[in-house]
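Hi,

Here is the structure I said I'd pass along.

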2 protein chains.
Amino acid sequence: MKFTIQRDIFVQNIQHVSKAISSRATMPILSGLKIVAFDDGVTLTGSDSDISIEAFIPAEEGDKQVVDVEKPGAIVLQAKYFADIIKKLPESTVEVSINDQNVTKISSGSSEFNLNGLDPDEFPRLPEVEEGNKFQLKTDLLKALIKQTAFAVSTAETRPILTGIHWGMEEGRLMCTATDSHRLAMREAAVEGAEEADFSNVVIPGKSLSELSKILDDTEDTIDVTVTNNQVLFKSKNILFFSRLLDGNYPATKNMIPTNSKTNVQVDAKKLLAAIERALLLSRDGKNNVVNLKSLGETKLEITSVTPEVGKVTEEVACDQFEGEELRISFNGKNIIDALRVIESTDVTIQFTGAMSPFIMRPADRDYMLHLFSPVRTY
Amino acid sequence: MKFTIQRDIFVQNIQHVSKAISSRATMPILSGLKIVAFDDGVTLTGSDSDISIEAFIPAEEGDKQVVDVEKPGAIVLQAKYFADIIKKLPESTVEVSINDQNVTKISSGSSEFNLNGLDPDEFPRLPEVEEGNKFQLKTDLLKALIKQTAFAVSTAETRPILTGIHWGMEEGRLMCTATDSHRLAMREAAVEGAEEADFSNVVIPGKSLSELSKILDDTEDTIDVTVTNNQVLFKSKNILFFSRLLDGNYPATKNMIPTNSKTNVQVDAKKLLAAIERALLLSRDGKNNVVNLKSLGETKLEITSVTPEVGKVTEEVACDQFEGEELRISFNGKNIIDALRVIESTDVTIQFTGAMSPFIMRPADRDYMLHLFSPVRTY
């Protein structure tokens, strides 16, 4: 194997596939990054038990020569520091070639690295994704769906199914749901080419989707999504991203969402966020992040938090609208903050059904997103 | 006590004095920040066993009203999160007032914090700095002196005196020296008003000087320095910064510096830095950071590093000048990197006295700075 490659493009793609490589890989070969040189370009592959990523760097991009392959071949190199090594090389191009015994020479200007490689035949194959449910998504929409749900997955391993995000497809609409059983985030969107797709119990690890989001640019390019029994494949122009699915039944979240309400409030999202952030400043060392909310007539909400040894915070937030009964409720302020940070609207509406019932928050001007929170009992 | 203050200036000064406040204070009162309101402004004080900082916020700055004191008084408030609380308040001014029992109300717009305060009479007094050696330094020069020496102090507590930076004044020149016994950094500078100053065994904790550097802006304003038996005081326009001195005798470092040399090399500092940084990439997990250097004729240096299980790096750096014997030496590359990062000159000269002798690196165009390194035995 011998090729010359543009350093910046090489670095970018190494960083992409490195997202799939764990520093604590169970098989030594999986701590490596596989490089294969073809006549028409170079592929890089990284994999762990959950995620596999393959990036293809074509020989030419537009009218610019990116890779010049002198001799095709393959090698697996330790992924650790590999991106750093390439990034710090002195020139704008890098030459990669294999000597005897898999020792790989990486050279650029006055700098030369000789790295011990591993046998590429030992590297596991990419998952086989047979025909499955298929649809398309714009990249920026996919990133929004991930950002607006992934924060709500459970981080506890007691119910592994809750560490994933549930995807269901109904009548051409993709519905994404995440919950840790104390709060729930739901976001839906119309998708293209969904006539062929109909599935209801697909649970993708939250971590997989977060890693995917990091390597995607905020473009309107289309991503092909293929869902099978145990894998999901995201395919963009030059990247294949595979994730395994989680086994098990996801809870029936639809039944959890209250359909009536006793108090409806509309407030400015940024002001509510700032008030709750300040209310949590004194309780930051505590574990429950409890914030108390009380309506003051129909014009204001009072938000308070008390940490006896430190002091008390009192905040007032004006209501844009208020309908229904007087209100007094306590909740985990951090969960509300997480949701407010991904709601992009100016105003939010909150629907309460009593001090001991879950309550709903939505953007005031959109109905494709919903956040549900359990109250906290404080007496 | 009751006053109204500009929020941004309050935050900035809280952050300054917080540098002296340890979250693990031995006395509870020292985890607090002391606020005293006078008719002409507000002072903030923070202190631990090593450092005390007092910042004065004058009522007026130019023709701008900064503080409006309605009623003088004093309080000590928990420093933890205090800067965060003030920073996150909604309006540009903050009102601070004491109610009964030291409870202090901090309000701004629709936000109100009631914080439990402590008795200000329990707060320790600032060190008394009687007359001592006095001189002046420009702020930017002081920051340079600290930056160019503080990195070389010892972090091990086995020889506490080496965790400090030695300051000596001779004939109007201040000489700053730091060493961890494997490398040494020395920087000297002419100072103003040094006729009265003459001292030779002043050792200031490296941490104190690093904290001081963080709260100083890069200006040409003058700082007054007063050195006594056990304290040093840095006095800028509105800040007093006290640090205790370290007890004990600092090693006689002058004798360590070789006066002759067998090989003199001049190279581009940035290229040498980049080559050594790359050479260390493979050994990052190792502990010794050993780099080997060899002269290739009189035109090039070869820098290599080997980590048997990973691979080998070979770098070449062109010599601008080379005089003397052929050279082969090994050293801790990280120490050289630290020094190269604070040398602001384009070229450095290195003087070697043999593979087993300490060697000297200096900026090629300045003689006010010197770095000394021990070689590493590799066989």
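Let's start inside chain A: two salt bridges link domain 1 of chain A and domain 2 of chain A. In one salt bridge, the side chains of A:Lys237 and A:Glu61 come together, at 3.3 Å from N to O. Bear in mind that this is a predicted model. There are also five residue pairs in polar contact across that interface, counting pairs with both residues at pLDDT 80 or more. On the domain 1 side, strand E4 (residues 51–58) of chain A gives the largest share, seven residues. Sorted by class, that side has five nonpolar, three polar and four charged residues.

Domains 1 and 2 of chain A bury about 1200 Å² between them, with 54% of it on carbon and sulfur atoms. Within domain 1 of chain A, the residues that lose the most area to domain 2 are A:Lys19, A:Asp50 and A:Ile51, together 41% of what that side buries.

Now for the two chains. Chain A and chain B each put 29 residues into their contact, and they bury about 2600 Å² between them, 47% of it on carbon and sulfur atoms. Two salt bridges are counted here; A:Glu277 forms one with B:Lys88, where the closest N and O atoms are 3.9 Å apart. The chain A side that touches chain B has eleven nonpolar, six polar and twelve charged residues.

One more thing to look for: E23(A) and strand E11 (residues 111–116) of chain B run antiparallel, joined by five bridges. There, A:Lys312 sits opposite B:Asn114 in E11(B).

Cheers

Definitions and conventions. Residues are numbered from 1 along each chain as its sequence is written. Chains are lettered from A and ligands numbered from 1 in the order in which they are written. This is a predicted model: local features need pLDDT of at least 70, side-chain atom pairs count only at pLDDT 80 or more; totals for chains, interfaces and linings use all residues. Side-chain values use heavy atoms; hydrogens and water are left out. Contact means heavy atoms within 4.5 Å. Buried area is the accessible area (1.4 Å probe) that two parts lose on being put together, summed over both. A salt bridge is a side-chain nitrogen of Lys or Arg within 4 Å of a carboxyl oxygen of Asp or Glu. Ala, Val, Leu, Ile, Met, Phe, Trp, Tyr, Cys and Pro count as nonpolar, Asp, Glu, Lys and Arg as charged, and the others, Gly among them, as polar. Two strands pair if DSSP finds at least two bridges between them. Helices (H or I, at least four residues) and strands (E, at least two) are DSSP runs, numbered from the N terminus. A polar contact is a pair of N or O atoms within 3.5 Å; within protein, one must be able to donate a hydrogen and the other to accept it, and residues adjacent in sequence count only if both atoms are side-chain atoms.
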